[in-house]
Amino acid sequence: MRKLRALWLRLRGLFGSESAAKEFSAELESHIAMHVEDGVRAGLSTEEARRQAMIRLGGLEQAKIAYRERQGLPWFETLWQDVRFGLRMLVKSPGFTVVAIATLALGIGANTALFSVVNGVLLNPLPYPHPEELVTVHASKPNFSEGSISYPNFRDWQRDNKTLAALAIARHTGYSLTGMGDAEEMRAELVSSDYFSILGVKPVIGRLFAPHEDEIGREPLVIISQGFWQRKFGSRPDVLGKVLTLDGRNYTIVGVLPASFNLRINNFSACDLYVPIGQFQNPALNNRFAPLGIHGIARLKPGVTFEQAQDDMLRVSERLEKIYPEADKGIRAKLVPFQYAMVRNVKPLLLILMGAVGFVLLIACVNIANLLLVRSNARAQEFAVRSALGAGRARLLRQLLTESLMLSLTGGLLGLLLASWGTQVILHLLPQELPRAAEIHMSGTVLGFTLLISLTAGTLFGLLPCLKVFRQNLQDTLKEGGRGAGSARRSAQNWLVVFQMATTLVLLVGAGLMIRSLAKLSEINTGFRPHGVLTFGLQASPSMIGSSPEATRAYLREANARIAAAPGVEAVSFSWAALPMQSDDEELFWLDGEPKPQSQNAMHWALRYIVEPGYLKAMGISLLKGRFLASSDDEHAPRVVVIDDVFARKFFGNADPIGKRVFLEQFDEPATVVGVIGHVNQWGLDNDAVNPLRAEIYQAMMQLPEQQLGLVLMGMDVVVRSKYDADTAFQSIRNAVVQMNHEQVVYNPETMDATIADTLAGRRFSMILLAAFAGTALLLASIGIYGVISYLVVQHTRDIGVRMALGADRRDVFRWVLARGGRLAFAGAVAGLLAALGLTQLTTSFSSLLYGIRPYDPLTMLGVIGVLMAVAFVACYLPARRATRIDPMQVLRTE
Amino acid sequence: MADKTDVWQGTLALMVLKTLEAMGPIHGYGIARRIEQTSGNLLSLNYGTLYPALLKLEQEGYITSEWGVSENNRKAKFYKLTRAGRKQLEREAREWEQATAILARFLSPAKEAQ
């Protein structure tokens, strides 16, 4: 503390030093006077006494210097001097200063922004105790490597494994909440009891689910989120024991989860309610075969490795296959490290972007180094004079470093401002599924990162010109009068420009390939006309649940008619099962004439769409042959299906599919194919063509088996084609639906355009960022080449003047300057091209981002080289023009 | 003069504090003379080093200073011990006594043998 106080006083001493110096002079004066008085009293002459006093004092000035050094901080004063001098130098050349700081701010800002995203997503461990022990658990099947786990298998896996401390499952679902104002759709998670304890979550109030409370047939319980508690109950503690009506059933509230908890297996997004898995009202829950979208999470026992756990779980599932040879055929437990599962989709993308943004910083630094080099050439005279006057190398080095650090720290500060804005932009662009986007912010780590790169950049590009300055011969420089410049120095600049151009080209290639991929993707035929199509969820009034099939069908017909009558609606269809790019569902079948397969795995698979007659028009799919489902294809009519052309080709080859019969797994009697329609892109623009499961089969909703018909009421999709924009259309539909019954809910409206755009979100994100980085790099590189060529012109003013005096054409001069710039740019482009080819080959993760083009796509390569050369020429144009304006007479006169 | 010892590194502050404790408020010259007298004129003090030492003690808050009038009616700056200074003096004095006691044991091994 005392030391700090002294430091503070000394810092203050730096400033008010004038009056303090006067005061000390007075003190010394009185000291000497007293000493002299004593001497005189002892019998010395006044002069002798004074001499003695001075000797004992060790010199007046020395005493003052010693005092002043204690008063202030000598090293700080030198620094302060350097800073003031540096500031003067920077202010004297505002153009240089502004360009340098802006360059750095761009480079550092882009890096900081992306780093804060990378830091939040990849570097921060998951917010759970011992995240390295966590794994997600899936069932691998012949068709899915990470398929869903059936409830009976989960129970057996839970009981039989020896390596897991706990295993839990979860499934996302929705509930219609009634009895608390308007009916509302709630996001909910069905979980088994260990789900929370595995993640180390503690309730805010109340309790978690006890063991066995998650079993089928137990009392309906619910845990609510803190947000829900606040919204619906004003955070009142008496909420425990209250009852929520969900889908018409009463659930007792037992606890409240903290707001910070927002996990669903494989992504982070908040839920309102958590309900024991045993309350899942799907009759197939206890079916060992049923794939119900249930996935697991587990914690390894301490000391157990991932491989041991995976082996153990394989053993468990192989044993089950022996016991249940039909249902569990080919089913194996599959573990994935949790941390990896959460980031695997975005990791390569972010790393590539981080590399790209690092290039941008490199280019920025090279720019500054180049600018400083040019300046140090101009200042060679100044340094030579200062050395001649006795300034040591260390002193000059310190001066130069102070200047460059001032630049880089100012740049870093501005960059931080840019980054706080840029981070928001990146987060806005980010694909939805990015883990923990909400937790991304400017942290201490990020600030440290910015400070580090600012300091590193400042030191590096500050040192480079220093080396140059020290290498030059003092005497030569003084003699030359600062005019000449060694060719070595210029060649260093040329190399820097070539390097910049090459780096920029690499970034341009990356951005160009991404842009071309997206262009290719946007040309893909989706198989339907997405524009004007709106999808949303509809859940019937809870009082409808459990109605007779007749009442259910009557309800569906009425709801359909109401929506169809809403203003602007051109076509409407309910949909259950698969919906393109949103959800998928499979139909198992065998063809007429084939023997009935022994197991489900031996059957054929197709994507299943359960729709109504309006679907074809609502989606805008083309009819190729026969007819689509009609309203006459109802519960009394013979069973019919419509297939897509992929189905037709795959299972009927060249034969006419109309009139052919297929046996659907859930029915005894066969269904007749009545029509063929165009293939619809189920898996998204980029993935559909490569998915093994592409054949599509359409069935009429009215022909659903009665048991499944009841499930439709608990939540189905609605597809509408509307003349109006999405908001207006949804509003009028919502009115129509609520008018019919205020207890039913419509939710989650989304346009097909947006759905399609979402499937490309990851690509678009990387395309936009890469393009932004490449654009920044291009801007910086053009500043770089502009600076060097301008300097070249200044250096060659005499030569040019003499040449012109000797009869050189202005056009020759113009061409000469452009050629110098062009040569540099071209050399850079060639080097960059080679580097880009090497890099795109090496990084397979980048190739995976491309679609429909090869990493060495010649068109892209030629295009970006063209762009680079064009920009380089534009950057050289101004100095070239300036060169042609040189007045030969002026030059010769000054010679 | 030749047999006078220079002030050991780090001991000047202690001597100043002790002098101030003994003498009460006193000016720089008075401190210097008092230190020489107390040492029986065996110490040679460079007066020029005294003032930075006083400044340091003042910056650290162990002493304060104010202008006053000397016994000979001369304007002079008077230094005074603060409460913190008194504590610091106790601490430093104790440390010195310990240090010298240890050294003394080394220098007179006969005592140890007894």
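Modeller: Let's start with V69(B), which stands opposite K75(B) in β5(B). This is a predicted model, in which local features need pLDDT of at least 70 and side-chain atom pairs count only at pLDDT 80 or more, while totals for chains, interfaces and linings use all residues. Residues are numbered from 1 along each chain as its sequence is written, and chains are lettered from A and ligands numbered from 1 in the order in which they are written.

Biologist: How do you know that β4(B) and β5(B) are paired?

Modeller: Two strands pair if DSSP finds at least two bridges between them. Seven bridges join β4(B) to β5(B), so these antiparallel strands meet that rule. One of the partners is F78(B) in β5(B), which bridges to E66(B). As for the names, helices (H or I, at least four residues) and strands (E, at least two) are DSSP runs, numbered from the N terminus.

Biologist: What lies between β4(B) and β5(B) in their hairpin?

Modeller: Five residues do, and N73(B) in the turn has a positive phi of about 65 degrees.

Biologist: Why are β2(B) and β4(B) said to stand at the edges?

Modeller: The open sheet has three strands in the order β2-β5-β4 (chain B), with antiparallel pairing. β2 (26-27) and β4 (63-69) of chain B each have a single partner strand, so one side of each is left without a neighbour in the sheet.

Biologist: Now the helices. Why are α1(B) and α3(B) called roughly perpendicular?

Modeller: Axes are lines fitted to C-alpha atoms, for helices over the stretch in contact, and angles run from 0 to 180 degrees between N-to-C directions. Angles under 35 degrees count as roughly parallel, over 145 as roughly antiparallel, 65 to 115 as roughly perpendicular and the rest as oblique. Helix α1 (residues 12-23) of chain B packs against α3(B) at about 75 degrees, with the axes 10 Å apart. The pair is therefore roughly perpendicular.

Biologist: Which residues make that contact, and what kind are they?

Modeller: L12(B), A13(B) and V16(B) come from α1(B), and A53(B), L54(B) and L57(B) from α3(B). Two residues are in contact if their C-beta atoms, placed from the backbone, lie within 7 Å. The residues divide into six nonpolar, no polar and no charged. Ala, Val, Leu, Ile, Met, Phe, Trp, Tyr, Cys and Pro count as nonpolar, Asp, Glu, Lys and Arg as charged, and the others, Gly among them, as polar.

Biologist: What makes α12(A) and α24(A) roughly parallel?

Modeller: Helix α12 (residues 347-378) and helix α24 (residues 761-795) of chain A pack at about 10 degrees, with their axes 10 Å apart. That angle makes α12(A) roughly parallel to α24(A). Their contact has 20 nonpolar, seven polar and no charged residues.

Biologist: How many residues does each chain bring to the contact between chains A and B?

Modeller: Chain B brings 19 residues and chain A 22 residues. On the chain B side, α2 (28-38), α3 (47-59) and β5 (75-81) each supply at least two residues. α3(B) gives the most, with eight residues. That side of chain B divides into six nonpolar, eight polar and five charged residues.

Biologist: Is K162(A) buried or exposed?

Modeller: A residue is buried if 20 or more other C-beta atoms lie within 10 Å of its own, exposed if 12 or fewer, and partly exposed in between, with C-beta atoms placed from the backbone. K162(A) has 12 C-beta neighbours, so it counts as exposed. Its place is the loop between α7 (151-160) and β2 (164-178) of chain A.

Biologist: Why is H130(A) called partly exposed?

Modeller: H130(A) has 13 C-beta neighbours inside 10 Å and so counts as partly exposed. H130(A) lies in the loop between α6 (94-123) and β1 (134-140) of chain A, with a positive phi near 45 degrees.

Biologist: How much of chain A counts as buried?

Modeller: Of its 895 residues, 41% do.
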